[in-house]
Amino acid sequence: MSGRSVEITLTKAGRTKIRYPAEVLTEEGARLSVRAPWAAEGVRDFGFVRFEPGDVFVEHYWRDRWFTVKEVWSGDGALKGWYCDITRPAVIDGSGVVVEDLDLDLWVSADGSEVLRLDEDEFAASGLAASDPEAAARAVVALDELELLGREGLIELLG
C-alpha cells in the first residue's frame, strides 16, 4: 500500500472544493495516511499560519471519524502545526479519498500555544443544523474532541 498514488477530493455543499494527488504512507484499519504538497496556487495567509509552495501536508483520514487531521510541514522540514477539518467520515477506496467539509476547522500550532476554533460562523450559516441535525451535532462533538486534544498537547497522537 505504501507509496502508491491516490487522489484526494474535498467537497463542500455538493461541489468539489479541491482535488489533488497524494502518496499513501500507511493504511491501517479505518485510517489512511497520505503525504501531499501544498495543492493550492500561491500563498494562503490565515494570520496565524501561512500555507505556501514547498509546504508538505501529512494527512490522516478515517472511515469512522468526523474529522481529518493534517500535519503541516514547511519546505525546510519544520512542523508548523495541525490543521483539522471537520468532515463526514471519509470514503476511501482503491483510487482515492472523498471527504465532505462541514465548515468547522481547528488549528493547533506546533508548540501548542495556539488552539483556534475556526469558521463557526460559516457552519452556523450553512444550515446543516436544520437540514441534518444529527450530522451537525456530530460535527460539534468532533470539534470539541479535537480542541480538547489540542489543549492537552495530544493532537499529534492522531497521526
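This is a predicted model: local features need pLDDT of at least 70, side-chain atom pairs count only at pLDDT 80 or more; totals for chains, interfaces and linings use all residues.
**View A. Asp-103 lies in strand S10.** Helices (H or I, at least four residues) and strands (E, at least two) are DSSP runs, numbered from the N terminus. Phi of Asp-103 is near 80°, a positive value in a residue other than glycine. Asp-103 counts as buried because its relative accessibility is 9%. Buried means under 20% relative accessible area, exposed over 50%, and partly exposed in between (1.4 Å probe, protein chains only). Residues are numbered from 1 along each chain as its sequence is written, and side-chain values use heavy atoms, with hydrogens and water left out.

**View B. S10 pairs with S1 and with S8.** Two strands pair if DSSP finds at least two bridges between them. S1 and S10 run parallel, with five bridges. Thr-11 has Glu-100 of S10 as its bridge partner. S8 and S10 run antiparallel, joined by six bridges.

**View C. S10 takes part in hairpins with S9 and with S11.** Strand S9 (residues 91-93) runs antiparallel to S10, and three bridges join them. Val-91 has Val-98 of S10 as its bridge partner. Two residues make the hairpin link from S9 to S10. Strand S11 (residues 115-118) is also antiparallel to S10, over four bridges. Trp-107 stands opposite Leu-116 of S11. The hairpin of S10 and S11 has five residues between the strands, and Gly-112 takes a positive phi near 80° there.

**View D. Ala-13 sits in the loop between S1 and S2.** The phi of Ala-13 is positive, about 55°, although this residue is not a glycine. Ala-13 counts as exposed because its relative accessibility is 64%. The hairpin of S1 and S2 has two residues between the strands. Its strands pair in the antiparallel sense over eight bridges. Thr-9 has Arg-19 of S2 as its bridge partner.

**View E. S2 continues into a hairpin with S3.** Strand S3 (residues 31-37) runs antiparallel to S2, and five bridges join the two. Glu-27 stands opposite Leu-32 of S3. Two residues lie between S2 and S3, and Gly-29 in the turn has a positive phi of about 55°.

**View F. The largest pocket has a volume of about 540 Å³.** Rolling a probe the size of a water molecule over the atoms shows where empty space is left. On a 1 Å grid over the protein atoms alone, a pocket is an open set of points where a 1.4 Å probe fits, with protein on both sides within 12 Å along at least five of seven lines; lining residues have an atom within 4 Å of a point. Grid points are joined across faces, edges and corners, and the volume is the space filled by probe spheres set on the points. The lining has 23 residues; Leu-10, Lys-17, Arg-44, Phe-46 and Tyr-83 lie nearest the centre. Strands S1 (5-12), S2 (15-28), S6 (56-62), S8 (79-87) and S10 (96-109) each supply at least two lining residues. The lining divides into 12 nonpolar, no polar and 11 charged residues.

**View G. Val-56 has its place in strand S6.** Val-56 counts as partly exposed because its relative accessibility is 26%. Val-56 and Arg-44 are 12 residues apart in sequence and 14 Å apart in space, C-alpha to C-alpha.

**View H. The largest nonpolar core has 23 residues.** Those with the most contacts inside it are Phe-67, Val-69, Ile-86, Leu-146, Ile-155 and Leu-158. Strand S7 (67-73), S8, S10 and helix H3 (133-151) each supply at least two residues of this core. H3 gives the most, with seven residues. A nonpolar core is a set of buried Ala, Val, Leu, Ile, Met, Phe, Trp, Tyr and Cys residues joined through side-chain atoms within 4.5 Å.

**View I. Residues 45-146 carry the UniProt annotation "domain: DUF402" in an unreviewed entry.** UniProt positions are given in the numbering used here, feature names are shortened, and annotations may be inferred rather than shown by experiment. The end C-alpha atoms of residues 45-146 lie 23 Å apart. This span is 25% helix and 46% strand.

Terms used. Ala, Val, Leu, Ile, Met, Phe, Trp, Tyr, Cys and Pro count as nonpolar, Asp, Glu, Lys and Arg as charged, and the others, Gly among them, as polar.
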